[in-house]
Amino acid sequence: MSLHPDVAALLERAARSPLPPYYEVPPPVARRLYRESRAPLTPDPPAVESVQLRLAPGPGGPVPVRCYRPKGATKDERLPALLYFHGGGWVIGSLEAYDLPCRFFCARTGCAVVAVDYRLAPEHKFPAALDDAVASFRWLAQDAVELGIDPDRIVVAGDSAGGTLATVTAQKVRGEARTPCLQWLIYPATDLAADTPSHASCGQGFLLTQADMEWFRGLYLNDLSEITDPRVSPLRTSDLSGLPPALIFTAGLDPLRDEGRAYAEKLATAGVKVVHREFESLIHGFVGMRGALQAAARAMDDMVAGLRHELARLGR
C-alpha cells in the first residue's frame, strides 16, 4: 500500500507530539486528548437546519441522542436517517468529538443524522454500549414519524467501534417488524482477536496501534474470553443471511483493514448485497481528518455518493 504524502506528513507530526498515548493515561484524560486532538483536523462545520438533543429509553437509563436535520428540511418532512454510532474503541469517543463529521454527513447526504451517546467503558463494560445501540434503533424506528423520519429508511451507521455496534445492531433486530434499510460501516472492528496480517503490518506508526487496540479491548470486555462472542466479534456470527445491504469502507493502512474485508466477504457469501470500497492510501480514523487530508475529504465524498446511490437504488 502507498502512503499519501499528506498522510505521511500527518504521521510525522503525530510522532513528534509530546502527548502520551491513550493507554498511558486514565480514560477520562484519554477522552479529552482524543476530543481536542481532532479539532485541528476538521474544517469549519457545514450549515444544518437544526440540532436537538433527545433521550431514547435504554436498559441502563435514558440514552442521549443528538438529532441533526439538513438545511431546508421542514418539520413535517419525513427524511431518511443515519443512526450513527461514533468510534473511539468503546472508551474515548463522544458526541462532541463527532459533531463535525455528523454535520457533514447530514449536510451532504440529505439525511437526518441521529448520533447516539452510548455508554462507555470501563465505567460500563460490554454489553452496555450494544444494549444502548439496539435500544436506540428500536426507539427511532418506533418514534420516527414524530421525529420527521421515515421508519423505512433508517440506516445503521458508524466507524470503527461504532461500525461494530451498527452491524451487530442489524443482527440483533433481524426479523423484527422494523429493520434497517442499509448498513454503512466505516473501517469496522469485526474480530477483537486482532490477529490478522494487517494488525501486524499496520499496528505501529499509523496512529491506531496494536497497544491501543489491546487497551480498548481490555477496558471494554469483562474478560478476554468474550472475544469469541459474536456480539463482540461479528465476523464470528455463524449466519449472516437476511441482513440489510451493506456499504463497507476500509483503509489500506489500518490495523482493522483485513477484518473489514473479511466481513464484507462473509456477508456476500451469505447472500447479502455488499459494496466494499478500500481507500488504499488512508489510515484509521480518516473521517475525523477531512480538514487536514484532501484524500480523506475525497473518500468522505465518495462514501456519501455511495450512500445516496444505494438509497435511490432501493427506490426510497
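Me: Which side chain does the side chain of Arg66 make a polar contact with?
Reply: The partner is the side chain of Asp99, at 3.4 Å. Please bear in mind that this is a predicted model.

Me: Where is Arg66 found?
Reply: Arg66 belongs to strand β2, which covers residues 63-70.

Me: Buried or exposed, that arginine Arg66?
Reply: Arg66 counts as buried, because its relative accessibility is 16% and the limit for buried is under 20%.

Me: And what is Arg66 in contact with, leaving aside neighbours within four places in sequence?
Reply: With those neighbours left aside, Arg66 is in contact with Val51, Gln52, Leu53, Leu95, Glu96, Asp99, Val113, Val114 and Ala115.

Me: Moving to helices. How is a pair of packed helices described?
Reply: Two packed helices are described by the angle between their axes and by the distance between those axes.

Me: Then at what angle do α3 and α9 pack, and how far apart are the axes?
Reply: Helix α3 (residues 99-109) and helix α9 (residues 294-313) pack at about 50 degrees, and their axes are 10 Å apart. The two helices are therefore oblique to each other.

Me: Left-handed or right-handed, the crossing of α3 and α9?
Reply: The crossing in which α3 passes α9 is right-handed.

Me: Which residues meet there, in α3 and α9?
Reply: From α3 the residues are Phe104, Phe105, Arg108 and Thr109, and in α9 they meet Met300, Asp301, Val304, Leu307 and Arg308. Divided by class, the contact of α3 with α9 has five nonpolar residues, one polar residue and three charged residues.

Me: How do α4 and α5 cross, in degrees?
Reply: Helix α4 (residues 128-143) and helix α5 (residues 161-172) cross at roughly 60 degrees, and their axes come within 9 Å. That makes α4 oblique to α5. The crossing of α4 and α5 is right-handed.

Me: What makes the contact between α4 and α5?
Reply: On α4 the contact is made by Ala129, Leu130, Ala133, Val134, Phe137 and Arg138, and on α5 by Leu165, Val168, Thr169 and Lys172. By class, the contact of α4 with α5 comprises seven nonpolar residues, one polar residue and two charged residues.

Me: What is Thr169 in contact with, leaving aside its neighbours within four places in sequence?
Reply: Thr169 is in contact with Phe85, Leu130, Ala133, Val134, Phe137 and Val156 once those neighbours are left aside.

Me: Where are Pro122 and Pro127?
Reply: Pro122 is in the loop between β4 (112-116) and α4. Pro127 has its place in the loop between β4 and α4 too.

Me: What is the phi of Ser160, positive or negative?
Reply: Ser160 has a positive phi of about 55 degrees, although it is not a glycine. Ser160 is in the loop between β5 (149-159) and α5, and counts as buried at 10% relative accessibility.

Me: And the phi of Tyr187, positive or negative?
Reply: Tyr187 has a positive phi of about 30 degrees, and it is not a glycine. Tyr187 is found in the loop between β6 (182-186) and α6 (197-201). At 1% relative accessibility, Tyr187 counts as buried.

Definitions and conventions:
Residues are numbered from 1 along each chain as its sequence is written. This is a predicted model: local features need pLDDT of at least 70, side-chain atom pairs count only at pLDDT 80 or more; totals for chains, interfaces and linings use all residues. Side-chain values use heavy atoms; hydrogens and water are left out. Axes are lines fitted to C-alpha atoms, for helices over the stretch in contact, and angles run from 0 to 180 degrees between N-to-C directions. Helices (H or I, at least four residues) and strands (E, at least two) are DSSP runs, numbered from the N terminus. Angles under 35 degrees count as roughly parallel, over 145 as roughly antiparallel, 65 to 115 as roughly perpendicular and the rest as oblique. A crossing is left-handed if the near helix is turned anticlockwise from the far one by less than a right angle, and right-handed if clockwise. Contact means heavy atoms within 4.5 Å. Ala, Val, Leu, Ile, Met, Phe, Trp, Tyr, Cys and Pro count as nonpolar, Asp, Glu, Lys and Arg as charged, and the others, Gly among them, as polar. Buried means under 20% relative accessible area, exposed over 50%, partly exposed in between (1.4 Å probe, protein chains only). A polar contact is a pair of N or O atoms within 3.5 Å; within protein, one must be able to donate a hydrogen and the other to accept it, and residues adjacent in sequence count only if both atoms are side-chain atoms.
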